[in-house]
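Let's walk through this model together, one feature at a time. Keep the structure open beside you and follow along.

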Amino acid sequence: MNIANVQGKGVLVVGGSRGIGRAIAERFAELGAEVGLTARDASRASEVASSVAETHGQPVSGYALDVTDRDQIREVVQGFEPGSGVPDVLIYNAGISPVYASAEKVDEGDWDAIIATNLTGAFLAAQTFARRLIPENKPGSIVFIGSINSVVGDPRLVAYTASKAGLAGMAKTMALDWARHGIRVNTIAPGYVTTDLTSGLQQNEGLRRSITDRTPLNRMAKPAEIADLVVFLASDSSSFITGAVYPVDGGWTTG
Ligand SMILES: NC(=O)c1ccc[n+]([C@@H]2O[C@H](COP(=O)([O-])OP(=O)(O)OC[C@H]3O[C@@H](n4cnc5c(N)ncnc54)[C@H](OP(=O)(O)O)[C@@H]3O)[C@@H](O)[C@H]2O)c1
C-alpha cells in the first residue's frame, strides 16, 4: 500500500474555500479522496467545489456554512454523504484572527467571535462527526488546524492563542474519549503561512521581516506545505497516532 493512502475516503474540510483549507481540499482530491468543503457563501462553496472537482477529476461537494451558526454546523457535518455513506475524515480549518492588541485592550465581542469560530465550531463539528461514526462502529480521523499558538503564546494575540491552545487541549481529551471507538484526533500547528489571514503583515515590510527573521527556515510557508501532514494524519499510515500536536512552523517553536 502507498504511504498516506486516502483514495476513496470521504473527507469533509470545514473552511475549505481558500488559503490552507483550499490547499488541503485540493491535495485530498488529487489523491483520490471524495471531498466535501465549506465556505460561508453558497455560490463560493459550489464554485470552489466545481473547480477542485474539475482539476482532479474527483467528486467534490460544496456546502454553505457559517460556523458561528451552531445548527448549521450540525446540519452540514450530518449531511455530508460520501459514496461510502459515512465520512472517514473531518478537517476543521475555519479560523479568524481579526485582533492584534494587548490583552487589556481586547473587546469582549472580538473575544467571543474568535472563540466561537476557532474553538466552539470545532467542538460541535467533531462531536457531530463522532456521533455519526460511533453507532456505525466506524473508525475515523479528525485533524484540527491549530497554530504555533496551540503551543506557545505571542504578544497581542490573547483570544487567538486561547482558541488555538484550547483546540489542542480539546483534541487530546477527544482522543482519549474516542480511542475505544477507533476515532483519532490530532492537531497541526502551522507557523506563518502566506494566505489572506496574513496579508496585512505580508504587506508590511517591517512586520514580515520580523516574522521571517524569527523563523529558523527564514520564510513563511505556502499553504500546500501544511496539506501533506494533514493527509498523513487522515490516512491509515498514522494509525497509532492520536492526541498529538505537530508543529509545521519552520522551526518557530523549537527555539
Ligand atoms: N495563515 C497563517 O499564517 C496561519 C498560521 C497558523 C494557523 N492558521 C490557521 O489556519 C486556518 C486557515 O487559515 P488561512 O490562513 O488559510 O486563512 P484564510 O485564508 O483567511 O481562510 C480562512 C478560512 O476559514 C473560513 N472561515 C472563517 N470564518 C468562518 C466562519 N465564521 N464560518 C465558516 N468558515 C469560516 C473561511 O471561509 P470563507 O471563505 O467563507 O470566509 C476560510 O475558508 C485557520 O484556522 C488559521 O487560524 C493560519
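Helix α1 (residues 19-30) and helix α2 (residues 42-56) have axes that come within 9 Å and cross at roughly 35°. Axes here are lines fitted to C-alpha atoms, for helices over the stretch in contact, with angles running from 0 to 180 degrees between N-to-C directions. Helices are DSSP runs (H or I, at least four residues), as are strands (E, at least two), numbered from the N terminus. The α1 and α2 crossing is right-handed, meaning the near helix is turned clockwise from the far one by less than a right angle. On the α1 side, R22, A25, E26, A29 and E30 meet V48, V52 and H56 of α2; a contact means C-beta atoms, placed from the backbone, within 7 Å. Those contact residues divide into four nonpolar, one polar and three charged.

Before going further, please note that this is a predicted model: local features need pLDDT of at least 70, side-chain atom pairs count only at pLDDT 80 or more, and totals for chains, interfaces and linings use all residues. Residues are numbered from 1 along each chain as its sequence is written.

Now turn to helix α4 (residues 108-133) and helix α5 (residues 158-178), whose axes come within 9 Å and cross at roughly 15°. These two helices are therefore roughly parallel to each other, a label given to angles under 35 degrees. Their crossing is right-handed. Among the α4 residues that meet α5 are W111, I114, L119 and F123, and the α5 residues they face as a group include Y160, L167, M170 and W178. By class, this contact has 15 nonpolar, three polar and two charged residues.

What about the interior? The largest nonpolar core has 65 residues, and V11, F28, V35, I91, Y92 and V230 have the most contacts inside it. Such a core is a set of buried Ala, Val, Leu, Ile, Met, Phe, Trp, Tyr and Cys residues joined through C-beta atoms within 7 Å. Buried means 20 or more other C-beta atoms within 10 Å, exposed 12 or fewer, and partly exposed in between. F28 touches V6, V11, A33, V35 and V231, leaving aside residues up to four places away in sequence. A second, separate core of five residues includes I114, V158, A159 and Y160.

Finally, look at the backbone. Most residues other than glycine have a negative phi. A4, in the segment before β1 (10-14), has a positive phi near 55°. N137, in the loop between α4 and β5 (140-145), also has a positive phi, of about 55°, and is exposed, with 8 other C-beta atoms within 10 Å.

Technical notes: Parallel < 35°, antiparallel > 145°, perpendicular 65-115°, else oblique. Contact = placed C-beta atoms within 7 Å. Nonpolar A, V, L, I, M, F, W, Y, C, P; charged D, E, K, R; others polar.
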